[in-house]
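Morning, everyone. I have one structure to walk through today. Please have a look at it before I start.

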Amino acid sequence: MFHGRGAESGKGGEGSGEGKVRSEEWGVGSGESGDWQEGLMGLCVADRRGTLLGVMLDLDQNDVYFTAFSLAIGDLRVARRFPTSNFPLKTRYFNMEHSFLAYLRGRCRSLPQVAVGIGDDAAVIQPPQANLIACTDQIIDGVDFDSSEHGYADAGYKAMAINLSDIAAMGAVPKSALVTLALPKPNATRIAGDVYEGILQAASEFQVAIAGGDISTYNGPLSVSITLLGDVPAGDPWLRSGAQENDAVLVTGFVGGSILGRHLRPTPRVDLANRLRELVDVHAAIDISDGLSLDLDRLCAASGVGVELNIPAIPIHDDAIMLAEKSGRTPFEHAWSDGEDFELIMTMSQADADKVLAMDHECEITQIGTILGRTGLWKREAAKLVRLSPQGYVH
Ligand SMILES: [Mg+2]
């Protein structure tokens, strides 16, 4: 415990109750990500006069110190620290949420869309002019990422990114998020801090306000659940059910092989979706979470149509080619079914598609097929349509 700068510098008031505030040296509450202090949370105490004090508890080495701090809004200021033996206190246990929320308040930018954010019983969110778009998705250690291989910040980033991708698939703008963490008891504080690094990074990249959430600890794997709210500034949200016969089917980016690492830090197509919404009339859209063919099949099923695919046009990611070298499957098979690409599939009139395809965008956009009146996924072989079966990740 007292990792980082705190480990070397926290001598000022030790054992004496004297010494000046050493918050700079401890680096607590300054809002920089590198200043995260492991073990800062866990137990809060009040002295006999009711002054709120905190304790830093070294679970690894049984090295226990009380540390006085004031819970200024959004800031934890370390005042002094004392060996526990010198300082009899009435202790009052809080769950770690109290001090963590104070930390979070300091880290979260306030944005106009959230009038009241972290710290009250509920958030007060500015309602949109038209449709409120809401989605929720959850990341579980061992299912959606693996903490023995990847950092917790990646889990936090991914939890935001998959929701952002869903918002993009609706042609919407993300605005605010509610974040719920279920943390494994060992190292809960450190894990919460790491997860939030990723969450806050994605939130700041897409101007999302963290409006609130919940934290609890238990004997189980990390779960990060995020509910994301957004709106559609003009026009209607994109649905899966709007595809029309003869629509062009477009896909963003490249697909397949995301398991090599891309799935943890995808680029949600939020900005692109919002530019396209202003440029053309997107009839239907879905993001690729479970596999290109499976999600395309879902879009077609919701619209009551099918699609004739131009198989050679499907944009196969280099990761799919690399993965195929050891998986025994073809790059195409990976592109067809891997999933977690978080790219968008969109349908629109051929005229609109031609307009989109003639322009430069932040990523590749490729036409992979044309919507048919008959249901199913098809390819043309020797002038005949051959049915293809969708494959992907089924939850
Ligand atoms: Mg989706």
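Which residues does Glu340 touch, not counting residues up to four places away in sequence?

The mean pLDDT of the protein chain is 79. Of its residues, 74% reach 70 or more. Over residues 1–95, pLDDT stays under 50. The model still has 153 contacts beyond four places in sequence for that stretch. Where pLDDT is low, the predicted coordinates should not be read in detail.

Now the overall picture. The protein chain has 10 helices and 17 strands. There are 395 residues, and 47% of them count as buried. Take the contacts between residues at least 6 apart in sequence: 77% of those join residues at least 24 apart.

Next, a sheet. It is open and has 4 strands, in the order E7-E10-E8-E9. The pairing is mixed. Strands of a sheet pair through backbone hydrogen bonds, either parallel or antiparallel. Which strands sit at the edges? Strand E7, residues 132–140, and strand E9, residues 209–218. Each of them pairs on one side only. From one strand to the next, the twist averages 15°.

Helix H4, residues 152–169, packs on this sheet. H4 touches E7, E8 and strand E10, which is 223–231. The direction of H4 makes about 145° with that of E7.

Look at one pair of strands. Strand E8, residues 173–184, pairs with E9 in the parallel sense, over 9 bridges. Within that pair, Thr180 stands opposite Asp214 in E9. Another helix belongs here too. Helix H5, residues 188–205, lies across E8, E9 and E10. H5 runs at about 165° to E8.

Now some annotated positions. An unreviewed UniProt entry places the feature "binding site" at Asp137 and Asp166. They span 30 residues in sequence, yet no two of their C-alpha atoms are more than 9.3 Å apart, so they gather at one spot.

Where is each one? Asp137 lies in strand E7. Asp166 is in helix H4. Buried or exposed, then, for Asp137? Asp137 has 20 C-beta neighbours inside 10 Å, so Asp137 counts as buried. Asp166 is buried as well, with 23 other C-beta atoms within 10 Å.

Let's check their contacts, leaving aside neighbours within four places in sequence. Asp137 touches Ala159, Ile162, Asn163, Asp166 and Ile226. Asp166 is in contact with Cys135, Asp137 and Asp287.

For "binding site", the unreviewed UniProt entry lists Asp144 and Glu340. They span 197 residues in sequence, yet no two of their C-alpha atoms are more than 9.8 Å apart, so they gather at one spot.

Asp144 is in the loop between E7 and H4. Asp144 has 18 C-beta neighbours inside 10 Å, so Asp144 counts as partly exposed. Beyond its neighbours within four places in sequence, Asp144 is in contact with Ile139 and Lys158.

Back to Glu340, and my opening question. Glu340 is in the loop between helix H9, residues 331–337, and E14. With 23 C-beta neighbours inside 10 Å, Glu340 counts as buried. Not counting residues up to four places away in sequence, Glu340 touches Ser258, His263 and Ser289.

On to helix H10, residues 350–357. Asp352, Ala353 and Val356 are buried there. Why are they on the same side of H10? They cover an arc of only 100° around the axis, and that puts them on one side. An α-helix has 3.6 residues a turn, so residues three or four places apart point the same way. What covers these buried residues includes strand E11 (248–252), helix H6 (270–279), strand E14 (344–348) and strand E15 (365–372).

Last stop, a hairpin. Strand E16 (residues 376–381) and E17 pair in the antiparallel sense, over 5 bridges. Arg380 stands opposite Leu385 in E17. Between E16 and E17 there are 2 residues. In the turn, Ala382 has a positive phi of about 50°. How many residues of strand E17 are buried? The count is 0 among its 5 residues, 384–388, and the strand is hardly covered.

That's my tour. Thanks.

Conventions. Residues are numbered from 1 along each chain as its sequence is written. This is a predicted model: local features need pLDDT of at least 70, side-chain atom pairs count only at pLDDT 80 or more; totals for chains, interfaces and linings use all residues. A residue is buried if 20 or more other C-beta atoms lie within 10 Å of its own, exposed if 12 or fewer, and partly exposed in between; C-beta atoms are placed from the backbone. Two strands pair if DSSP finds at least two bridges between them. Two residues are in contact if their C-beta atoms, placed from the backbone, lie within 7 Å. Axes are lines fitted to C-alpha atoms, for helices over the stretch in contact, and angles run from 0 to 180 degrees between N-to-C directions. UniProt positions are given in the numbering used here, feature names are shortened, and annotations may be inferred rather than shown by experiment. The arc is that of the directions from the helix axis to the C-beta atoms. pLDDT is the predictor's confidence in each residue, from 0 to 100.
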